[in-house]
Structure formats: structure tokens, C-alpha cells
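Biologist: I would like to learn how to read a structure like this one, feature by feature. Could you take me through it slowly, giving the general idea before each case?

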Number of protein chains: 2
Amino acid sequence: MVSVAFKKNLKEKYGIEFNNEDLLERAFTHSSYANEHHGKHNYEKLEFLGDAVLELAISDYLYRNYPKLNEGQLTRMRSNIVRTEGFSEFAKEVGFQNEIYLGNGEEKSGARNRKTLLEDVFEAFNGALFLDQGMSAVQRFLKQTVYPLIDEGDFDASRDYKTELQEKLQINGAIDIKYEVIAEDESVPTFTVQLLVNNQKVATGTGRNKKAAEQQAAAKALKK
Amino acid sequence: MVSVAFKKNLKEKYGIEFNNEDLLERAFTHSSYANEHHGKHNYEKLEFLGDAVLELAISDYLYRNYPKLNEGQLTRMRSNIVRTEGFSEFAKEVGFQNEIYLGNGEEKSGARNRKTLLEDVFEAFNGALFLDQGMSAVQRFLKQTVYPLIDEGDFDASRDYKTELQEKLQINGAIDIKYEVIAEDESVPTFTVQLLVNNQKVATGTGRNKKAAEQQAAAKALKK
């Protein structure tokens, strides 16, 4: 069973209480666990649905809140959000990683903190929430997780400082660009990264996720 | 303005009456027309939204109505539906092609009946309907257009007779397989195709669209 502490947090922090707890359980059931426990369903079909739920929720949000962007910009921004590793960070923020049911082998191989698995669970959870309470509940949940980062410009395709920096530096031939996480506070969460160009420290950046921190570091380097 | 006859048909046949007629107009306004008429908005942003609306509506339908399919089968079926040229045929069925606002150049080049344009307009229309009346209105519309074909098995990935036939015939080397439309009634609509293998007639098939007719012809040929 999904932990009492998790359900309490879900209710108190996000205002979510499932009517059908089977759906909630299923959203966290990996196929490796379902294979080992007769009668359990894995989350893959919820993930199939959740994928489309997130796509529409985010499209709708962008359409309504970014009236000045054209179709191309909206599409790029949507794919930045949907294809990003970001979903795994939102999953961690809500504490999903502790609730996943895994088979023994997968558990031993460290699947619990694998980004792709956390992304899948994030999609499955939103699929389950959609079935249980409809689109408006999903929108409310995303308002507390994904949308603030959109509004902070984390997915803004028109401001990709990392790519810009890379292109500038590489005009004069191959150059080694590295971003290293130097501090990480998962509870808030805050990440600090430093940017190294040919192994020399050039700038640091902080942000709510690694990507945002890296963008900030690249933006600072560009200003120099 | 979108024609009175079209709006009447939309209301009587599909039960749709727009609250915000600007949205309906916009769904049919191609960029070439908007460029020539100051102040007009094209449908591209509605298409961005409609794409996600259709993806979720269809995912939701498949999830609820095909409980025996696994995630892989659902995903293949969804992409067969969403990526198919079928949307252009649904667009024609509802009479969209007569309502599109096109610029002069595009009109002359025959854009009005171009499949990709009709697909785009179908997405834009569903985006507009979603904004105007929400997801349930979209679901009702699709119930009268797209879903019946899903239930007829037109998009069923597990029964791809054309591919099956091709694979069988080509075991013994290159073979020329052709499908030709031999009769077409756009009003119903019904298509009849004949299947030629090395220029010899092998079977005919009929269906609500070309793809379905071809599948039927291939299925008959496989039985022989």
C-alpha cells in the first residue's frame, strides 16, 4: 500500500485525495512488481493515458497564458516541457520515488531513482488523477508543480543560453564545456552548478532544477 | 463568414452551436488569408491546441473502450489514428473544405482539397470546440466521426492486412503491389479499390475511406 504519510502529504500539500485508491496504487506499480505478484496491474496503461493528459494540460496552459507566442514558439515550449527530464524532478518533489512498487531485481539495480522510471510514474500518476477526478484536478496539481517553472522561463525555447554559449565558443574549434553540480538541496529543491570551459571555472548558476541552474550559469558566462 | 448552411448542418447533424463564433471563424482561417486581411487571426494556434485535444480524446476513448489491449497496442492504435490521413476524410465528411478562408495564391494552387490542410483544419476545429465548450463536446463530435471507424477496426494495428500481404508476397522476391481507387462516392462516403499484383487484378475492397477499402482488399487476397 502507498504509505499513509504520502497520502497525508498529497492531501495537505496538494489538496488531492483519491476516490478510487486502486488507481493510486496502480500508478505506482512497476511491471517488475506486477510480474511477481499475481493479480496486480502495472502502471503502463495509466502512463499511456497520462502522457496525453499532460500534453493537453500543458498545451492548454500555454495557449491561455502566453497569448503573444506564435504556434512555432508554443510547440517548441511544449516539447521542451514534455520531453524534458523535468518530470522526474517534479516526481521527486512530491516524493513519488519512495512509493514505487518494484520487483526484487529492479530494486537491486537501483531503478527507484532512475529518471526515466520517475518520469513514467509522473505520467501514470496524472493519468490516474485524470480518471479519478478529471482534468481540472490535474490542472490544480500542475499549478503547484510544473506551471511555476514554466513561468520562471525554464522551458523558454527562445532563451536557450546553453546552446547559445556552445555555439559561440565552438566557432574557434572544439572546446570542452562541462556543467557540474556543486551543491544540491533536494528538500527545497535548489541546485547549484558550476560551468567549466576547458576545465576552467567560468560561472556558477542556481535554480529549482539542474537544467535551470545550468541555463543561469550559461547566461552569466554569455554576459562576460 | 462561415456559411449559414454549414452552421445549420453543424447544429442539426452534430448538435454543435458555437457560443463564440469568432473561434469558429478562426478555425477556418488559413495564414495566407490572414496575411491578406488585416486583423484576421489564422488557425495555427488552435491547431496547436487541437492536436493535444485529439490526442487526449482518442487516448481516453481507447483506454476506456479497449480494456483488453496492452499499452503497446494502445500506443500503436493511437498513433495510427492520429498520424493517419484519416482526419482529412473526416474533415470532408463534415464539409470543412468549403468553409476554409484561403489567400488568392493558395486558392489557385488547389490548397482547398490538400489533405494536410484539411487535417490541420480538423485539428483547429477541435481546438476551437474545446475552448468553446470543453472536452465533452469534443467527445460527442468524435463519437459521430472518428470513433465509429475505430470500432470498425480501421486503425487496428494488430490486423494490418496490407503489410501482412506484402510480406507474404515478397518472400519470393520483388513483386509489384498496387491499389487503385475504382469507385468513389464522397457523399456517403464509400471507396472501392482494386488490388493489383504484378498488374493482375486479385481482389477488390470497399470501405468508408481509402485505407479501409485497401485493408479489405488485402484481407480478401490473403484468404485466397
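Biologist: How many residues does the contact take from chain B and from chain A?

Modeller: Before counting, please note that this is a predicted model, in which local features need pLDDT of at least 70 and side-chain atom pairs count only at pLDDT 80 or more, while totals for chains, interfaces and linings use all residues. Residues are numbered from 1 along each chain as its sequence is written, chains are lettered from A and ligands numbered from 1 in the order in which they are written, and side-chain values use heavy atoms, with hydrogens and water left out. Contact means heavy atoms within 4.5 Å, and on that rule chain B gives 28 residues and chain A gives 28 residues.

Biologist: How much area do chain B and chain A bury between them?

Modeller: Buried area is the accessible area (1.4 Å probe) that two parts lose on being put together, summed over both. Here chain B and chain A bury about 2,300 Å², with 68% of it on carbon and sulfur atoms. On the side of chain B, the residues B:K45, B:F48 and B:Y63 supply 34% of the area buried against chain A, which is more than any other three residues.

Biologist: Which polar pairs and which elements should I look for across this interface?

Modeller: A polar contact is a pair of N or O atoms within 3.5 Å, where within protein one must be able to donate a hydrogen and the other to accept it, and residues adjacent in sequence count only if both atoms are side-chain atoms. That rule finds 8 residue pairs between chain B and chain A, both residues being at pLDDT 80 or more. As for elements, helices (H or I, at least four residues) and strands (E, at least two) are DSSP runs, numbered from the N terminus. The elements that give two or more residues to the side of chain B touching chain A are α4, α5 (71-82) and α8 (115-133) of chain B, and α4(B) gives the most, with 16 residues. Sorted by class, that side has 15 nonpolar, 3 polar and 10 charged residues, where Ala, Val, Leu, Ile, Met, Phe, Trp, Tyr, Cys and Pro count as nonpolar, Asp, Glu, Lys and Arg as charged, and the others, Gly among them, as polar.

Biologist: Where do A:D60 and A:R64 lie, and are they buried or partly exposed?

Modeller: The side chains of A:D60 and A:R64 meet in a salt bridge of 2.7 Å, N to O. They are 4 residues apart in helix α4 (residues 44-65) of chain A, so about one helical turn separates them. A:D60 is buried, with a relative accessible area of 8%, whereas A:R64 is partly exposed at 49%.

Biologist: Which residues have the most contacts inside the largest nonpolar core?

Modeller: In soluble globular proteins, nonpolar side chains tend to be buried together. A nonpolar core is a set of buried Ala, Val, Leu, Ile, Met, Phe, Trp, Tyr and Cys residues joined through side-chain atoms within 4.5 Å. The largest here has 113 residues, and A:F28 and B:F28 have the most contacts inside it. Not counting residues up to four places away in sequence, B:F28 touches several residues, including B:F6, B:Y43, B:F96 and B:F125.

Biologist: Where is B:F90 found, and is it buried or exposed?

Modeller: B:F90 is found in helix α6 (residues 86-93) of chain B, and it is buried, with a relative accessible area of 2%. Leaving aside neighbours within four places in sequence, B:F90 is in contact with B:F122, B:T145, B:V146, B:L149 and B:F155.

Notes
A salt bridge is a side-chain nitrogen of Lys or Arg within 4 Å of a carboxyl oxygen of Asp or Glu. Buried means under 20% relative accessible area, exposed over 50%, partly exposed in between (1.4 Å probe, protein chains only).
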